[in-house]
Amino acid sequence: MIKRVFDALVAAAGLVVSAPAWLLIAAAIKIEDAGPIFYSQERVGLDGRVFRALKFRSMVPDAEARTGPVQASENDPRITSVGRWLRATAMDELPQLWNIFRGDMSFVGPRALGPEEIEVDGRGASVPLDAIPGFAARCTVPPGLTGIAQIYAPRDVSRRQKFRFDLLYIHRQSLRLDVCLILLSFWITMRGTWEAREKKF
């Protein structure tokens with residue numbers, strides 16, 4: 001209950017304070033290619049409930065029409081010029097403050113994943129995420145805007161390894177840990193290193 005109240009209050013404050021930034025980002029996206037400002041995608045939340053996560057669009061329109069929901073790679077040609085800055089600073093995820101305020105997400109927790117995402121194992125075979133050890137445990141807490149895996153896990157490691165970071169958070173979660181991770185996330189945003197392949201700070 002304390003975590004939920006904290007999330008709702010901070011998200012409400014964040015929505016008010018960041019309103020001018022929303023206008024500037026929306027204008028930059030429109031000026032670049034005249035495409036949609038927002039991008040929404042189904043994500044798996046608490047207890048496996050599916051919700052729609054809202055983000056500022058950082059890729060070309062219909063970027064997943066051919067590839068499906070795959071993780072962006074380094075120098076991904078689908079990412080726009082404005083999108084590169086948005087992703088480096090995590091400003092593309094600013095609209096998820098609304099998801100947090102609604103209760104779909106928390107500020108801190110495992111990354112919200114798509115229900116149809118897959119992982120390619122070392123042999124090149126496709127593996128559904130729900131078949132990877134740790135996936136079920138992730139669904140016992142709300143997904144987060146940031147978290148241990150988002151901050152500390154190298155970007156290109158396997159989902160299996162990232163899930164281990166998520167399990168570490170689930171076992172050690174506390175309001176104090178949440179505040180520490182949020183402050184670290186602000187520092188990474190100020191440095192613009194969210195897209196770093198290894199250490200982010």
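## Fold and overall dimensions

Helices (H or I, at least four residues) and strands (E, at least two) are taken here as DSSP runs, numbered from the N terminus. The model under discussion is predicted. On this assignment, the chain contains eight helices and six strands, and their order along the sequence is α-α-β-β-α-α-β-β-β-α-β-α-α-α. The radius of gyration of the chain is 16 Å, close to the 17 Å that the globule rule gives for 201 residues, so the chain is as compact as a globular protein of that length.

The C-alpha trace spans about 45 × 45 × 30 Å along its principal axes. Of the 201 residues, 43% count as buried. Among contacts with a separation of 6 or more, 68% are accounted for by residues 24 or more positions apart. The chain exposes about 11100 Å², with carbon and sulfur atoms supplying 63% of that area.

## Loop residues with positive phi

Most residues other than glycine have a negative phi. Ala90 has a positive phi, near 65°, and is a residue other than glycine. Ala90 is placed in the loop between helix H3 (81–89) and helix H4 (96–102).

Ala34 likewise has a positive phi, about 65°, although it is not a glycine. This residue belongs to the loop between H2 and strand E1 (38–44). Because the relative accessible area of Ala34 is 56%, Ala34 is classed as exposed.

Ser18 is situated in the loop between helix H1 (2–17) and helix H2 (19–33). Its relative accessibility is 11%, and Ser18 therefore counts as buried. The side chain of Ser18 reaches the backbone oxygen of Gly14 at 2.6 Å. When neighbours within four places in sequence are left aside, Ser18 is in contact with Leu94 and Leu97.

Thr89 is found in helix H3. With a relative accessibility of 9%, this threonine also falls below the cut-off and therefore counts as buried. A polar atom of the Thr89 side chain lies 2.9 Å from the backbone oxygen of Trp85. Not counting residues up to four places away in sequence, Thr89 touches Thr189, Gly192 and Trp194.

## Salt bridges

A search of the whole structure finds eleven salt bridges. One of them pairs Glu93 with Lys55, the closest N and O atoms being 3.9 Å apart. This pair links distant parts of the chain: Glu93 is in the loop between H3 and H4, whereas Lys55 is in strand E2 (residues 50–56), and the two are 38 residues apart. Glu93 and Lys55 are each buried. A further salt bridge joins Arg102 to Asp104, with the closest N and O atoms 3.0 Å apart.

Arg138 forms a salt bridge with Asp166, and the closest N and O atoms are 2.7 Å apart. Arg138 lies in helix H5 (residues 135–138) and Asp166 in helix H7 (residues 159–172), so this pair ties together parts that are 28 residues apart in sequence. Arg138 and Asp166 are both buried. Elsewhere, salt bridges that share partners join Lys55, Asp92, Glu93 and Arg111 into one network.

## Nonpolar surface patch

Ile2, Leu175, Val179, Leu183 and Phe186 make a nonpolar surface patch of about 500 Å². Helix H8 (residues 175–191) provides the largest share of this patch, namely four residues. Leu183 lies in helix H8. The relative accessible area of Leu183 is 54%, and the residue is therefore exposed, since exposed means over 50%.

Note on methods:
Residues numbered from 1 in each chain as written. Predicted model: local features only at pLDDT ≥ 70, side-chain atom pairs only at ≥ 80, totals over all residues. Heavy atoms only, no water. Patch = residues over 30% accessible without salt bridge, like charges linked within 9 Å, V, L, I, M, F, W, Y side chains within 5 Å. Areas by Shrake-Rupley, 256 points an atom, 1.4 Å probe, with all protein chains shown as cover. Salt bridge = Lys/Arg side-chain N within 4 Å of Asp/Glu carboxyl O. Buried < 20%, exposed > 50% of the residue type's maximum accessible area, 1.4 Å probe, protein only. Polar contact = N/O pair within 3.5 Å; in protein donor to acceptor, adjacent residues only side chain to side chain. Contact = heavy atoms within 4.5 Å. Rg over C-alpha atoms; globule rule 2.2 N^0.38 Å.
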